[in-house]
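Here is a report on side-chain packing in one protein model.

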Amino acid sequence: MAYISLDLTQKQIRLLHLAPSLDHESRLECSFSLASFDGDINYEALSYVWGDVTPVKPIGLEGKEVLITKNLHSALSHLRYKDRERILWADALCINQSDMVERTHQVSLMSSIFSRANLVVAYLGDAWEGCEVAMDAFRHLGSDDSLHLVKSLTPSLSVHGMGLDSAELRDYLIQFFGAPWWNRLWTVQEYALAKQVVFQNGRHVVYGELLLDAITSTLKHYHDACLHQLFTEEHDNMSLFLDRLWILKNMDIILKGRTSRNIIHWISFFASREATDPRDKIYGLLGLATGNDVGLVEADYSCSFWEVAYAITVRFIERNQNLDILSYLVGKRSTQLPSFVPDWMNQSEFKAYSMRVDLLPFYSASGNSVANFKEVASGKLAGTGILVDTILDHCSLEGTGEEFLENCRLLFEVCQSPGSLYRHTGKQREVAWWLTMCGEIGMTLDNTGAMYRRVRDLQDISAYQKWESWLTTPPPLDKNRYTSDGSTVGFVIKGTTYGRCFISTEKGYVGWAPKQCKKGDVVAVLAGGKVPYVLRPEASSNPSEESGDSRKYYSVLGDAYIHGIMDGEVVTELEERGGNWEEIVLV
């Protein structure tokens with residue numbers, strides 16, 4: 001198909017004019033117009049999943065027959081009005097996909113395209129048996145948050161005679177959130193930037209605001225008696241149902257916390273979502289950037305994924321003057337990337353780590369220092385740090401809960417001096433033990449969610465003892481554990497320890513480090529880092545006498561919690577003895 005060229009010096013886009021028809025089966029007839037964001041534009045944006053990219057369905061476009069994909073044809077067919085034209089933006093047609101220059105230009109405008117649209121239509125696919133029932137349930141729950149979810153309580157949800165104690169209704173709701181749209185990367189930004197969203201299956205629709213209200217109401221009742229009753233009675237598919245509800249809730253978190261989190265957080269948080277082009281794991285979320293993160297990189301499809309990931313990492317550190325991005329080094333990582341660059345192609349488990357990233361502001365391991373790391377060569381950043389200690393021993397989280405706890409306890413005790421105090425803080429050893437287990441973080445739960453706080457001392461360790469008792473109790477476990485004090489302790493400990501192993505160092509420090517660490521790895525505090533990091537000396541980068549390069553080279557394994565150095569203690573000690581920060585090169 002021959003496209004009329006866009007003026008790439010302007011904020012110009014194509015709009016698709018979908019002609020009306022009284023006959024649903026008649027061929028779709030469309031035409032293009034050009035529009036610019038420098039003026040007023042009225043249109044709706046289509047958010048959908050491409051699916052099979054083979055063009056098989058004919059439509060009329062600018063007087064000629066053009067083949068489009070099955071999914072796009074379904075969307076346009078169900079969006080077509082009977083009596084008036086509909087003006088849409090749909091990426092597969094409105095962007096010349098074979099023109100890489102135009103594609104790059106249009107991707108840079110994507111945030112404007114979806115934020116300026118009068119309405120974003122999230123087309124989930126054709127109608128299916130039960131989709132109308134699911135949407136009815138969402139409308140009821142969204143319009144009345146007093147509705148209980150089981151029929152034994154009043155007032156209660158009743159949709160076609162069913163409440164959430166009906167496995168059939170839960171299956172319909174699960175299937176609604178099982179559409180591929182919910183797992184695609186680009187749809188996150190398209191939803192988050194929209195003025196208004198409508199979700200559509202075939203011709204059945206539910207407005208996004210109502211859907212979100214329904215989920216909020218359902219999760220509210222989860223903390224109350226009705227859904228807790230369902231959960232503890234072990235109804236089939238209940239866990240899956242709750243997981244599916246959080247799909248939209250996680251997307252809504254962006255709307256409420258977009259300015260409080262950096263773009264690296266969103267790229268990591270949604271890295272498990274699917275994108276046909278891996279570069280879109282980054283490009284597809286750039287529209288969510290705010291403040292210092294705006295313009296870190298521009299969409300450029302001539303660059304490889306590795307080049308894009310490297311560029312955004314280096315520029316994030318330089319622009320924000322902190323090393324927060326090193327706390328996103330989780331999961332499997334490719335050897336094609338420098339060790340300090342997150343691998344978003346393989347980062348499928350970030351949500352399990354996300355609590356730790358949110359808690360970074362509670363710590364100040366490097367005091368008031370700012371990150372001074374600069375690129376000195378491709379794949380190398382040079383800055384300053386303090387090499388605190390060397391790992392002496394470690395134990396993993398393998399085995400039963402009781403074995404894990406016993407092994408950590410043993411390692412903790414072995415590395416301590418005789419007496420009742422932890423050598424680096426002067427606190428009682430039992431208190432130091434539990435503060436290490438939870439990373440000095442406490443949590444309370446209410447209907448609004450979790451509230452965290454820094455805990456530097458413990459007057460009452462009963463909640464920790466309850467958790468230990470639960471952990472070491474053989475099955476079957478008491479279902480009431482969900483409401484015990486120990487459950488919040490367990491949640492924090494899981495967040496602190498996930499993907500980590502318990503370590504001791506040569507100087508007697510203890511804490512949590514990346515699970516791939518080993519004896520001889522180095523605990524370091526780096527300028528601009530809120531937490532310590534575990535580094536591995538790189539023998540292949542040792543300086544030669546001829547080069548005169550005396551710098552030390554290290555790869556980064558990840559961040560750590562080390563009890564006794566989380567609040568700038570090693571910086572203060574260095575200053576008191578008149579020492580200097582060492583120059584360190586990360587590779």
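Rings of Phe, Tyr and Trp (its six-membered ring) pair if their centres lie within 6.5 Å; planes under 30 degrees apart count as stacked, over 60 as edge-to-face and the rest as tilted. By that rule the structure holds 27 aromatic pairs.

The model is predicted: local features need pLDDT of at least 70, side-chain atom pairs count only at pLDDT 80 or more, and totals for chains, interfaces and linings use all residues. Residues are numbered from 1 along each chain as its sequence is written, and side-chain values use heavy atoms, with hydrogens and water left out.

**Confidence**

pLDDT is the predictor's confidence in each residue, from 0 to 100. The protein chain has a mean of 89, and 93% of its residues reach 70 or more. Residues 479-483 stay under 50. The model has 9 contacts for them beyond four places in sequence, where contact means heavy atoms within 4.5 Å.

**Aromatic pairs**

Two pairs are tabulated here.

| Pair | Centre to centre | Angle between planes | Class |
|---|---|---|---|
| Trp182 and Phe199 | 5.1 Å | 15° | stacked |
| Trp434 and Tyr464 | 5.5 Å | 40° | tilted |

Helices (H or I, at least four residues) and strands (E, at least two) are DSSP runs, numbered from the N terminus. Trp182 lies in the loop between helix H6 (167-176) and helix H7 (186-192), and Phe199 in strand E8 (residues 197-201), so their pair ties together parts that are 17 residues apart in sequence. Both Trp182 and Phe199 are buried. Buried means under 20% relative accessible area, exposed over 50%, and partly exposed in between (1.4 Å probe, protein chains only).

The pair of Trp434 and Tyr464 links distant parts of the chain. Trp434 is in helix H16 (residues 429-438) and Tyr464 in helix H17 (residues 462-471), 30 residues apart. Trp434 and Tyr464 are buried. Ring pairs also join them into a cluster with Phe412, Tyr422, Trp433, Trp467, Phe502 and Trp512.

**Charges over rings**

A charge sits over a ring if NZ of Lys or CZ of Arg is within 6 Å of the ring centre and within 35 degrees of the ring normal. Arg84 places its charged end over the ring of Tyr81, 3.9 Å from the centre. Lys351 lies over the face of Phe269, 4.8 Å from the ring centre.

**Cysteines**

How many disulfides are there? With a disulfide defined as a pair of cysteine sulfur atoms within 2.5 Å, the count is 0. Cys30 is in no disulfide, and its nearest cysteine sulfur, that of Cys94, is 9.3 Å away. For Cys94 the closest cysteine sulfur is in Cys30, too far for a bond. Cys30 is buried at 6% relative accessible area, and Cys94 is buried at 0%.

**Nonpolar core**

A nonpolar core is a set of buried Ala, Val, Leu, Ile, Met, Phe, Trp, Tyr and Cys residues joined through side-chain atoms within 4.5 Å. The largest one has 196 residues. Those with the most contacts inside it include Trp89, Phe177, Trp182, Phe199 and Leu526. Helix H13 (residues 305-320) gives the most to this core, with 9 residues. Beyond four places in sequence, Phe177 touches residues including Phe138, Trp182, Arg244 and Leu248.

**Met345**

Met345 is in the loop between H13 and helix H14 (350-358). Met345 is partly exposed, at 37% relative accessibility. Leaving aside neighbours within four places in sequence, Met345 contacts Pro278, Phe305 and Trp306. Ala309 is 36 residues from Met345 in sequence and 9.8 Å away in space, C-alpha to C-alpha.
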